[in-house]
Amino acid sequence: QRLHAEYLTMNRTTATLIGLLYTDGCLSPKGKSSWRFYFSNKSERLVAIFRECMMQCFALPSSRVRLGMTNDGLYRALVDSKEIGDELTRRFGTFRTLRRNGEHTKAHLPIQELLKHNVAADFLKAAFSCDGGVNLYVARRKGTNGGTQWLIRGVYLACAHPRLRREYCELLRALGITARNVAGDGKLKIETEKDIRKFHEKVGFIDGVQITHTSKFWPSIEKQKLLEKVIQSYDVPAKVYKLPQFEQSKVMI
């Protein structure tokens with residue numbers, strides 16, 4: 001399979017693909033002369049999108065993207081290709097973001113290319129759909145007259161790599177969204193109403209991707225639907241206070 005530069009035009013599909021690879025994917029040497037793409041996630045929807053992106057970006061038949069399950073119950077997809085691996089490592093590295101030998105990798109985001117082709121939002125949507133989430137819950141402080149209660153709202157992206165956190169913040173800033181880089185939590189957090197509304201308007205989450213079933217208040221709801229509930233809560237917060245999951249269990253501050 002011969003690859004030409006045209007295959008890797010930075011478009012919405014390519015941006016989505018690398019957003020998936022920088023979060024829940026990787027590219028590893030296979031033997032001495034080839035590469036293996038590996039993507040795994042709890043969401044079957046995200047694995048299907050990874051498969052579609054690989055097929056579209058590189059004109060692969062469906063048989064070249066092998067689907068299956070990992071031993072710990074994740075959906076996964078594998079693609080072996082020397083030519084595609086050579087080209088993507090030349091352009092982006094191997095997408096490895098976890099520490100090796102106690103040091104962070106040299107991974108970095110293709111910020112200028114994403115901005116130049118106006119596809120930063122597609123990249124961020126894929127990344128947040130994999131490693132991001134939404135917070136919406138009731139907090140309460142004891143006091144006289146029954147105390148006070150308020151809503152905790154936020155959007156976050158988990159990323160342990162300090163350079164990548166800074167670069168995610170830079171990409172968000174280019175879209176007019178301010179995020180706080182919280183090194184101690186290994187996250188970047190979008191916390192103000194203005195910025196959450198702008199994230200909803202310009203980025204959002206891929207439809208069909210659910211919050212994990214282990215979530216205390218919102219098990220198995222789609223991330224995008226919970227983001228929409230956050231937006232609605234700014235107009236009618238009382239609806240959230242009255243939800244059954246918050247009647248018995250409020251976070252005490």
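A disulfide here is a pair of cysteine sulfur atoms within 2.5 Å. I ran that over the whole structure and got 0 disulfides.

Ground rules for my notes: this is a predicted model, where local features need pLDDT of at least 70 and side-chain atom pairs count only at pLDDT 80 or more, while totals for chains, interfaces and linings use all residues. I number residues from 1 along each chain as its sequence is written, and side-chain values use heavy atoms, with hydrogens and water left out.

**Cysteines**

C169 comes out buried at 5%. C26 is buried too, with a relative accessible area of 17%.

**The sheet**

My strands and helices are DSSP runs numbered from the N terminus (helices H or I, at least four residues; strands E, at least two). I call two strands paired if DSSP finds at least two bridges between them.

Next I wrote down the strand order. An open sheet of 4 strands runs β1-β2-β4-β3, with antiparallel pairing. β1 (25–30) and β3 are the edges; each has a single partner strand, so one side of each has no neighbour in the sheet. Neighbouring strands are turned by 25° against each other on average, direction ignored; the axes behind such angles are lines fitted to C-alpha atoms (for helices over the stretch in contact), and angles run from 0 to 180 degrees between N-to-C directions.

Then I went through the pairs:

- β1 and β2 are antiparallel over 6 bridges, and P29 faces W35 in β2.
- β2 (residues 34–41) meets β4 through 6 bridges, antiparallel, with N41 opposite Y75.
- β3 (residues 66–69) meets β4 through 4 bridges, antiparallel; M69 has Y75 as its bridge partner in β4, and R66 has L78.

Is strand β4 enclosed or open? β4 (residues 75–80) is largely enclosed by the rest of the structure, because 5 of its 6 residues are buried.

I also checked Y38, which lies in β2. Y38 is partly exposed, at 27% relative accessibility. Y38 and V65 are 27 residues apart in sequence, and their C-alpha atoms are 9.9 Å apart in space.

**Largest pocket**

My pocket search uses a 1 Å grid over the protein atoms alone: a pocket is an open set of points with protein on both sides within 12 Å along at least five of seven lines, a cavity is a set where a 1.4 Å probe fits but cannot get out, and lining residues have an atom within 4 Å of a point.

The largest pocket holds about 610 Å³ of space. It has 31 lining residues, and G132, Q210, I211, T212 and K223 are the closest to its centre. Volume here is the space filled by probe spheres set on the points, which are joined across faces, edges and corners.

Which element gives the most to the lining? β5 does, with 6 residues. Elements supplying at least two residues each include β2, α2 (44–58), α5 (120–131), β5 (132–141) and β6 (148–158).

By class I noted 12 nonpolar, 13 polar and 6 charged lining residues.

Definitions and conventions
Buried < 20%, exposed > 50% of the residue type's maximum accessible area, 1.4 Å probe, protein only. Nonpolar A, V, L, I, M, F, W, Y, C, P; charged D, E, K, R; others polar.
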